[in-house]
Amino acid sequence: MKKEIISEYFQSWLDKNSKVIKDNFDDKAVYRECYGPIYRNKKEILAWFSDWNEKGTVLVWTIKRIIIIHQTGIVEWHFKCDYLNKISEFDGVSLIDFNLEDKIICIKEFESKSDHYYPYSQN
């Protein structure tokens, strides 16, 4: 169930569909973005989702893997978007905590550059 909710949540950004948030987030959920902003409840998360999708479009949000340990999902992903006519792309990990009713109570995102290089490899 948790894997399906996580997959639906990521897809909701591609579809610009807030129903997944309305249905699967606890009213007191907290969302910490990888670059600083924190949204402290479902109302704020929905406002952010709406505002962000007016200015931007998620082009790719590929889940590489999902690991579920008890009430926590660990998700490795790749993200690409067009926000205010600027293309951004990066890798990341999200820690997603669920309550006992399988509602999301906390998401913490961590970002990594997606352009990698191998400084010690020889051609």
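Select Lys64 and Asp91. They form a salt bridge, with the closest N and O atoms 3.5 Å apart. This is a predicted model. The pair ties together distant parts of the chain: Lys64 lies in strand β3 (residues 56-69) and Asp91 in strand β5 (residues 86-98), 27 residues apart. Lys64 is partly exposed, at 46% relative accessibility. Asp91 is buried, with a relative accessible area of 12%, because buried means under 20%.

Next, select Asp27 and Lys42. Their side chains meet in a salt bridge at 3.4 Å, N to O. Here too, distant parts of the chain are linked: Asp27 is in strand β1 (residues 25-32), Lys42 in helix α3 (residues 42-55), and 15 residues separate the two positions. Lys42 counts as buried, at 12%.

Now go to helix α2 (residues 19-24). Select Lys19 and Asp23. Their side chains meet in a salt bridge, 2.4 Å from N to O. Why are the two about one helical turn apart? Because they sit four residues apart in helix α2. Check the surface again. Asp23 is partly exposed, with a relative accessible area of 35%. Lys19 is also partly exposed, at 48% relative accessibility.

Finally, zoom out. A search of the whole structure finds six salt bridges. The stops on this tour are among them: Lys64 with Asp91, Asp27 with Lys42, and Asp23 with Lys19.

Methods:
Residues numbered from 1 in each chain as written. Predicted model: local features only at pLDDT ≥ 70, side-chain atom pairs only at ≥ 80, totals over all residues. Heavy atoms only, no water. Salt bridge = Lys/Arg side-chain N within 4 Å of Asp/Glu carboxyl O. Buried < 20%, exposed > 50% of the residue type's maximum accessible area, 1.4 Å probe, protein only.
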